[in-house]
Amino acid sequence: MNRLTIVLAVIMPVLLNAQNVLIKNGTVLTITKGVKENSDILVTNGKIARIDKNISAPNGTSIIDATGMFVMPGIIDAHSHIALDVVNEATNPVTAEVNVGDALDPLDVSIYRALAGGVTATHAMHGSANAVGGQCETIKLRYGTVNPDELRMEGAPRTIKFALGENPIRVHGEGNKIMPNTRMGVEQVFRNAFSEAQLYMKDWDDYKKGLRKSSPEYNLRNETMADILKGNIIIHCHSYRADEILMLMRVLKDYNINRICFQHVNEGFKVAPELAAFGAGASVFADWWAYKFEVYYSTAYNAAILTRNGVVTSINSDSEELIRHLYHEAAKTQRYGDLTDDEALALITINPAKQLGIDKRVGSLEVGKDADIAIFKGHPLSVYAVPQKTLVDGQVRFDIEKDPDDTRIDINPNEKYSTFYETERNYENSGCLRGISEMLMQESYAKFMRFKYSQNHTH
Amino acid sequence: MYTNPFRVLSCLIFLVSISSASLSGQNSDSPKQLSRTFYLKNCFVIPQPGSLLSGQNVIIKDGFISEIGTAVKIPFDAQIVLADSLYVYAGFIDAHSNTGIAKPENKDRAKVQDPGNPPNDVAGITPQISGSDLFKSLDKSVADMRSAGFAIAQVAPRGLMLPGQNSIFLLGEGANDKMLLKSNTSQNFQLEANRGVYPSTSIAILAKFRDLYKNANITGLHEEKFKLNPAGLSRPDYNKELMSMYPVTIKKMPLYFVASRTKDVHKALSLKDELGFDMVLTEVKQGWHYLDRIKKSSIPVLLSLELPEEDKKDTKKEGDAPEKKDSTATKDVKKVVKEEKNPEKDGFDQKKEASIKQYLEQAGLFEKQGVKFGFSYMTVKPADIRKNLRKLIQNGLSENYALAALTTHPAQILGISHLAGTVEKGKIANLVITDKPYFDEKATIKYVFVDGQKYEFTEKTKKTENKPSESGKMVGSWSYTVEIPGSTQKGKIIIKKASGEYKVTVVDDSAPSEEDSASDVIVDGKKITFNITTDMGAPVKVDFDLNFEDKSYTGSISVGQFGSFPIKGDYEGDPKY
């Protein structure tokens, strides 16, 4: 292969700007409008133009034969950390001002791997080290671009990460001996941050009304907290225990905030009616728990119980591995809870779209929506399902047959290792700091490891 | 415990990260001169990129170029410089580097009560610091850049996120203040964090910057208002950080944004669009994705002259080992081995080669698009500058543009075109004088003039003194002692000579059974250089540079990017063959 071929192979998905596509003769799982057998989907300019039988292809339309295949809306992951260079700014209990949108990584090969699992959009989130973490970014998996801006889902509402329980307590209370050192402290951190933002808003209002002559100090942290108070930002809160979930809902009521989706929410099944009454969403794991003390009281029936109680529920990955088979995760709710096909698939399509405020554009196959489409061999809720093609805005970004083996976009000229696992292995063992840090960093070592832990650990 | 002694060594160095100047000396001299008038006779003058005048005589007087021409009178007090058929260029301009700024001593990380709210200096927010207060004209880095042909540098303080303000210096040996051409010319910004305290990540650095920027503007405007009429206003708080940033917010001072890789360049361009300051992109290594955007907004660019190393094709790699073992086997077996080659690795190697090529072609690409760029020298070693420029030229950059990027372009970017960048009457007498055209493979720099002061460079004598009797003394077993801050490393260096070739092995006392064989052994008179490569996660080259006396030697070792350290040792006996 000469150099040109390599370059072409890398940028192929971009060059194949075939936004007019006809997907022929598949079993169309619309999610919101039932199942349509032997139907076609016509995509023009990146949007779904028609869903019908026997559509004839206009000139210049590329045709995908989906005979015998299942066509569903692209999967949406409401909790992910792929495509990010930075996940945690773990130095302060409140970091509302930071924004992971500033650290998007379009070169992350995990994006491609997620596409290979039928995923077309993710919620790229800040980590859970802080009570108020950073702002998150809803992205479309337009793998092939080098420009971080092209990942952003333009027009998606702003979101921010909150966290309850052990993570903020461990990082700040135990790590730095500052508040929060208890679950009560976490509540107080929220109340302080919101109250401070209210005072801040008043100062600026006074200045704008001419009631004070000198300009107040600008504070991006308070600006962001104020935007939450104004209802301009959806809260996505890392949570496990029922008592804490109720606590945060009480806090939000006191400050008149109502846009929230709880993440993980393993004990959500205990407070499902309360969540439904508040209008809070719940984004859960299918069956993942017991990785720390506060996550023991859990059940695989969580998603089904929440769904049947009228909570808008989704299943997320929080992992670059799980994200590749979210359709399996959704299928588990049929074993544990007997959800219908539509209910189960809604957990990874229209429901996460609602939680992110993007359900008018994605999450189901309907005329006028974005052509984010996943094509499967085998029903996506079957254990034999294999994704074949994934389209984002009508562009094929994953094709099981045509894609080259190595789809990495950017090779660091100093890279030593040819494969991902080699890089990982050597990263783990990178002898230098590891061996010596214990010897020389001694007391700061424990702190260092904790810091490292908080950087990597996010669920 | 540790199999490789230099791994421990390197790690120690990494941790304390103390730098010390390399011991390899510079061959310039600058005797006190009686007269500041010079006469360069019958030389080729390249007044600016793209033109060449032959048979020129140049007169330098009181630090300025006073005359150039074919028929000029020799002033009575002139020192005549033997410049016959030499090439005279404008002294090069280093648009951005840390030249003359000592690396700070690594202090223990300050203990901070609340890591979320550290003092500004701990957080790396020191925009009030001025490079003009830190520059040392006698720092080795100044001599290194001067011997590479540089007469002017815009120097940045070292530091983190907002390390301080740049100042422009002449790279002569005069008193620090006398070498200052222009102080506080621009402000620096980089995505460098003090780990463990706020802001500790790029996202927090950007958030903090936005905060500081807005408040600098508020504070600056408030102070101006207060000066005009204080009535009803609160007395402005004095805040040195914000007041130093204020000129950036009103476009009175450009912001130098260190942006090496593609995502950094994107961050820089986005932040500029968001806040609207004047920006210079610096240390750009991978900026070609945003060439159009850079061109459209006419953002000045400084490309890093540090280039990726190309893989040597003939080096034996791990994957080749089985093949090597079978080299004595029949040809058939060899074929089988070849077919088993790792296609994944081959594919990767091709991609990597293509990637390196893109880095090397960037400068040529920028030229074709008509983007005027200079270079920055934060990371490149001065000794690599000409070699790397030649690499860029081989990959599509024209010589004229390369010269412009060394002279006229940085002069424009720094706003000193009226003073420097060309060889013209009235400009500061900054000159580089070479024996062949500068980009010729065999060219060497004979003289550099800085501010009318002559620095002469004698060619390294490679052929002389290479008598067997002299270098024969190197053969033997030698002890060594390396002083690393906080530790001393001891061991043996064994030098053997067989059929005219030197073989060197290094054994550290901490692992007496492990021998490291040296490569690239070069003996030059009483001097020997060689290197060993040690694996500490990534391979790190340790360069040795030793000068032998009768029964002892002194010298330096340099360990990858971690700096260089003194080494010394004594003769212990004959090597065991």
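**Close-up 1. B:Phe348 and its contacts in chain A.** Leaving aside neighbours within four places in sequence, B:Phe348 is in contact with A:Asp406 and A:Ser418 (contact: C-beta atoms, placed from the backbone, within 7 Å). This is a predicted model, so local features need pLDDT of at least 70 and side-chain atom pairs count only at pLDDT 80 or more, while totals for chains, interfaces and linings use all residues. Residues are numbered from 1 along each chain as its sequence is written, with chains lettered from A and ligands numbered from 1 in the order in which they are written. B:Phe348 sits in helix α11 (residues 343–368) of chain B; helices here are DSSP runs of H or I with at least four residues, strands are E runs of at least two, and both are numbered from the N terminus. With 19 other C-beta atoms within 10 Å, B:Phe348 counts as partly exposed (20 or more means buried, 12 or fewer exposed, in between partly exposed, with C-beta atoms placed from the backbone).

**Close-up 2. Helix α9 of chain A.** Here 7 of the 10 residues of α9(A) (residues 326–335) are buried, so the helix is largely enclosed by the rest of the structure. Among the buried ones are A:Leu326, A:Tyr327 and A:Lys332. They pack against chain A elements including β6 (75–80), β7 (119–124) and α10 (341–346). Just after the helix, A:Gly337 takes a positive phi of about 130 degrees.

**Close-up 3. The open sheet of chain B.** Eight strands line up as β7-β8-β9-β10-β11-β12-β13-β14, with mixed pairing (to pair, two strands need at least two DSSP bridges between them). At the edges, β7 (92–97) and β14 (373–376) each pair on one side only. Strands β8 (residues 150–155) and β9 (residues 165–170) of chain B run antiparallel over 4 bridges; B:Ala153 has B:Phe169 of β9(B) as its bridge partner.

Conventions
Two residues are in contact if their C-beta atoms, placed from the backbone, lie within 7 Å.
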